[in-house]
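User: Please take a close look at one part of this model, the aromatic ring pairs. Which rings come together, and how are they arranged?

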Amino acid sequence: MDNSDETARLFPPPDRLRNESHVKSMDDYKEMYKRSVEDPEGFWGDIAKQFYWVSPPTGKFVDYNFDCRKGRISIKWMEGAKTNICYNAIDRHIKNGQGDKIAFFWEGNDPADHDSGNITYSQLKDKICKFANILKQSGLKKGDRVAIYMPMILELTVAMLACARLGIIHSIVITKQNLKIDIGQSYIGCSILCFENVDCLSYSYNNETHVCELWDEDFIHTSDTSGSTEAGWSYYYIVRAIQLREVAYGKLSSQSSVYGSDTPPNAVDGDLNTYMHTEQEQSPYWIVDLGKIYQIKRIEIFNRKQGNVLTGQRLHDLDITVGRSHNIMHLCAYYVGPAQLGDHHVFECQHDEKARFLRLMIRGIEILHLAEVKVYALEDTRFG
């Protein structure tokens with residue numbers, strides 16, 4: 001592609017958008033960049049005038065040394081100046097009459113989350129102040145250190161700016177999905193905030209509204225640590241967790257075939273003394289209809305340990321699939337095996353699976369033989 005072809009593919013912005021932009025053209029950008037390199041103090045000084053300052057710089061505006069031969073490597077900006085990042089990000093806009101303006105737009109992975117994703121400066125300030133007060137009640141103060149573990153959700157901004165508002169040094173760990181801690185048959189959901197030598201705060205997943213929110217108690221004390229304490233940092237389990245519900249018991253199930261003349265017992269009848277058993281065949285399977293759509297979190301397979309018939313030894317190369325319909329399924333977990341007689345297996349779905357049907361299927365020619373299946377889930381009323 002020559003330059004003429006490349007130029008022909010450029011799409012200039014509309015005049016309305018160009019006139020409202022901070023940088024209106026490439027020539028403007030080049031001129032600004034040139035000044036930032038040649039006169040950094042003047043360039044950044046003009047930008048700094050737009051912000052709120054408790055006190056202006058008392059020393060050099062910018063001072064740095066990148067040459068170790070000349071001394072210690074250092075970078076100093078606006079030495080002696082004092083401001084608050086949270087005030088600049090939120091309060092000054094409200095003070096300028098923009099409290100009802102959208103501070104930012106947030107869109108989650110689920111389109112249903114989008115309507116609640118937009119937040120104004122005034123709404124954001126209310127949330128920040130509430131969380132900042134919670135931090136203060138816990139004894140945190142300027143100079144203390146915290147670590148924030150959260151996915152990319154609205155509450156991350158609240159926690160981060162609340163720390164900045166109080167002058168708390170904070171480190172942010174962006175998790176790929178909601179931080180969850182497994183405690184028995186329950187989960188901790190959404191996020192957890194831990195700080196030095198103090199307990200943790202946590203947002204919980206509201207099962208009815210499907211959003212992350214602070215627990216009513218706001219601050220939760222617990223003495224049950226979830227790991228070692230290193231360098232003064234304490235990490236805690238929050239004992240009050242989101243309970244999972246077993247949703248497969250008594251539901252309608254079927255299997256690819258029935259061994260011999262046996263009547264197929266129900267593998268979701270709550271009785272470990274019964275079992276399901278297919279013929280030896282290609283890709284034997286068992287499937288259960290949960291009756292409605294749930295957020296499936298964990299699947300457990302139980303095998304008989306006592307009696308004349310023991311189960312488990314034929315379990316290998318097992319596909320555990322879920323889906324909203326019985327003919328459109330996707331993989332939740334895969335078990336290589338082989339299992340041993342009487343084994344109990346626990347499988348965590350790799351994603352938040354919203355499904356009505358669960359199917360167990362062995363790859364190849366084999367017998368599917370097990371005693372009981374339990375499915376733990378959070379109910380999702382939006383998709384029921």
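Analyst: What follows is an account of the aromatic pairs, with one cluster taken in detail. The model is a predicted one.

With ring centres required to lie within 6.5 Å, the count comes to 7 aromatic pairs. One of these joins tryptophan 44 and tryptophan 77: the ring centres are 6.2 Å apart and the planes stand at 85 degrees, over the 60 degrees needed, so the pair is edge-to-face. Tryptophan 44 belongs to helix 4 (residues 40–48) and tryptophan 77 to strand 2 (residues 74–77), so this contact ties together parts that are 33 residues apart in sequence.

Tryptophan 77 also pairs with phenylalanine 61. Here the centres are 6.3 Å apart with the planes at 85 degrees, so this pair is edge-to-face. Phenylalanine 61 sits in the loop between helix 4 and strand 1 (62–65), while tryptophan 77 is in strand 2, so the pair ties together parts that are 16 residues apart in sequence.

Phenylalanine 61 has 10% relative accessibility and counts as buried, because the cut-off for burial is under 20%. Tryptophan 44, at 38%, counts as partly exposed, and tryptophan 77 is partly exposed at 41%.

Taken together, ring pairs link Phe43, Trp44, Phe61 and Trp77 into a cluster.

One further ring contact involves a charge: arginine 298 lies over the face of tyrosine 376, at 4.9 Å from the ring centre.

How values were computed
Residues are numbered from 1 along each chain as its sequence is written. This is a predicted model: local features need pLDDT of at least 70, side-chain atom pairs count only at pLDDT 80 or more; totals for chains, interfaces and linings use all residues. Side-chain values use heavy atoms; hydrogens and water are left out. Rings of Phe, Tyr and Trp (its six-membered ring) pair if their centres lie within 6.5 Å; planes under 30 degrees apart count as stacked, over 60 as edge-to-face and the rest as tilted. Helices (H or I, at least four residues) and strands (E, at least two) are DSSP runs, numbered from the N terminus. Buried means under 20% relative accessible area, exposed over 50%, partly exposed in between (1.4 Å probe, protein chains only). A charge sits over a ring if NZ of Lys or CZ of Arg is within 6 Å of the ring centre and within 35 degrees of the ring normal.
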